[in-house]
Amino acid sequence: MRAAFLEEVEKMGMRDIPVPEIGPDDVLVRIKAAGVCGSDLHAYIGKHIFRFPPVMLGHEGAGVIAKIGENVTGFQIGDRVTVDPTIPCGKCRCCREGNTNLCPDRVAPGTKAWWGGMGTWGDYFPIRADHVYHIGDDVSFAKAALCEPMANSMHIISQIQGKEKNSICVIGCGTIGLFAVLLAKHAGYKTVIGSDPVAFNRETAEKVGADLTVDPIHQNIEKIILDATNGEGVDVTIVAAGAPGILDQAIHLTKRTGEIMLIAMMSEPIAFDSWALLSRQQSLRGSMLYNTPDFEACLKLINEGIDLSPFMTHSMPVEEAGRALELLKNRNENVVKVTLTLD
Ligand SMILES: [Zn+2]
Ligand SMILES: [Zn+2]
């Protein structure tokens, strides 16, 4: 089978590898579409915390069932599916409390524990059957493969504690920020504001549900947001972009007792004005990956026909994985999400 490997930092190559064997509780998925994620890019540039070359990349994907383990029920060969590609231990305190996203023993693709390092950027992907979900007949594989990144943004929204839904600001309208805009609007926030210095990202934010967008470099974001919220600030600010001073900005945009949700993975520590936070009695909360309910909620929206077309900007064959990663690295084209196809 074909498999796209990161051979060295910033060097992709295709390998011909054996089709993996599955156990009694597993299925084998013939991958048809696989997403390129920020974490694949991290691995590509040598910054991932646990995926190092040589490694098969990819964890987002959709396709059809090709083989079924003997204990598995509810699937037939040819069923159209997408995958939730991490397996928690199910036993630790985090798992017992429903926070499987925080399980220290989670097993992920591209690591030894996942069939010796399998990923979704190849013809066949082995996975435990209880992490595989049916998709509707009219849902494209490329769209179904968006369920995993979308679930990350669903998790942020699900972590918000406050009940008021007057206004929310999303700082950084990359893939995760854009999904947060879409899902915040869907969750009922009256005014959804997207902030991004790139015009294309702001335009996309408006397409997916932003009522207002701001260019934080050339406009006075604090004034615009205070004007839009009767001088109060937004109920919630989601920080989906990393930059020095970004938390201070979020604090100043958010109302007293409001919430700041942190999803941006910043590789350097940043300082922030703690007095500004505590004197507003705001809370600051991190959000990491997603749990099963987040994934299932996104799958339901996808199967019900939510429009994700603004996210699907690029598609190319798996053999061009290197070009896909370069595109995301350099951002010299208007790109949200790149899908690799495996026909
Ligand atoms: Zn992902
Ligand atoms: Zn666990």
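These are my notebook entries on a predicted protein model.

**Ground rules**

I number residues from 1 along each chain as its sequence is written, and I letter chains from A and number ligands from 1 in the order in which they are written. Because the model is predicted, local features need pLDDT of at least 70 and side-chain atom pairs count only at pLDDT 80 or more, while totals for chains, interfaces and linings use all residues.

**Entry 1: the whole protein**

I looked up the secondary structure and found 11 helices and 16 strands. Both are DSSP runs, numbered from the N terminus: helices are H or I with at least four residues, strands are E with at least two.

Next I looked up the overall size. The C-alpha atoms fill a box of roughly 60 × 40 × 40 Å, taken along the principal axes. The radius of gyration is 20 Å, which agrees with the value near 20 Å for a compact globule of 343 residues. This radius is taken over C-alpha atoms, and the globule rule is 2.2 Å times the number of residues to the power 0.38.

I also looked up burial. Of the 343 residues, 45% count as buried. A residue is buried if 20 or more other C-beta atoms lie within 10 Å of its own, exposed if 12 or fewer, and partly exposed in between; the C-beta atoms are placed from the backbone.

Then I looked up contacts. Two residues are in contact if their C-beta atoms, placed from the backbone, lie within 7 Å. Among contacts between residues at least 6 apart in sequence, 70% join residues at least 24 apart.

**Entry 2: two domains**

I noted domain 1 as 2-146 + 308-341 and domain 2 as 153-286. These bounds come from an automatic or database domain assignment. The domain centres, taken over C-alpha atoms, are 29 Å apart. Six residues from domain 1 and seven residues from domain 2 make the contact. On the side of domain 1 that touches domain 2, I found three nonpolar, one polar and two charged residues. Here Ala, Val, Leu, Ile, Met, Phe, Trp, Tyr, Cys and Pro count as nonpolar, Asp, Glu, Lys and Arg as charged, and the others, Gly among them, as polar.

I traced an open sheet of three strands in the order 2-1-4, with antiparallel pairing. Strand 2 (11-16) and strand 4 (55-56) stand at the edges with a single partner strand each, so one side of each has no neighbour in the sheet. Two strands pair if DSSP finds at least two bridges between them. Strand 1 (residues 2-8) and strand 2 have six bridges. Leu6 stands opposite Met12 in strand 2.

I traced a second open sheet, in the order 11-10-9-12-13-14, and its pairing is parallel. Strand 11 (212-214) and strand 14 (283-286) are the edge strands, pairing on one side only. From one strand to the next, the twist averages 20 degrees. Strand 10 (residues 191-195) pairs with strand 11 over three bridges. Ile193 has Leu212 of strand 11 as its bridge partner.

Helix 7 lies across strand 9, strand 10, strand 11 and strand 12, and runs at about 175 degrees to strand 10. Angles run from 0 to 180 degrees between N-to-C directions, and axes are lines fitted to C-alpha atoms, for helices over the stretch in contact.

**Entry 3: helix 8**

Is helix 8 (residues 246-253) mostly covered or uncovered? It is mostly covered, with six of its eight residues buried. Among them are Ile246, Leu247 and Gln249. The buried residues pack against strand 9 (167-171), helix 7 (221-228), strand 12 (234-239), strand 13 (254-262) and helix 9 (274-279).

**Entry 4: around Thr82**

Strand 5 (residues 62-68) and strand 6 (residues 80-83) run antiparallel, joined by three bridges. Ala62 stands opposite Thr82 in strand 6. Thr82 also has Tyr133 in strand 8 as a bridge partner. Glu296 sits in helix 10 (residues 292-303) and counts as partly exposed, with 15 C-beta neighbours inside 10 Å.

Most residues other than glycine have a negative phi, and most peptide bonds are trans. I looked for exceptions. A cis peptide bond joins Pro53 and Pro54, with omega about 0 degrees. Pro54 is in the loop between helix 1 (38-44) and strand 4.

Thr257 has a positive phi, near 70 degrees. Thr257 is in strand 13 and is exposed, with 12 other C-beta atoms within 10 Å.

Arg331 also has a positive phi, near 50 degrees. Arg331 is in the loop between helix 11 (321-330) and strand 16 (337-341).
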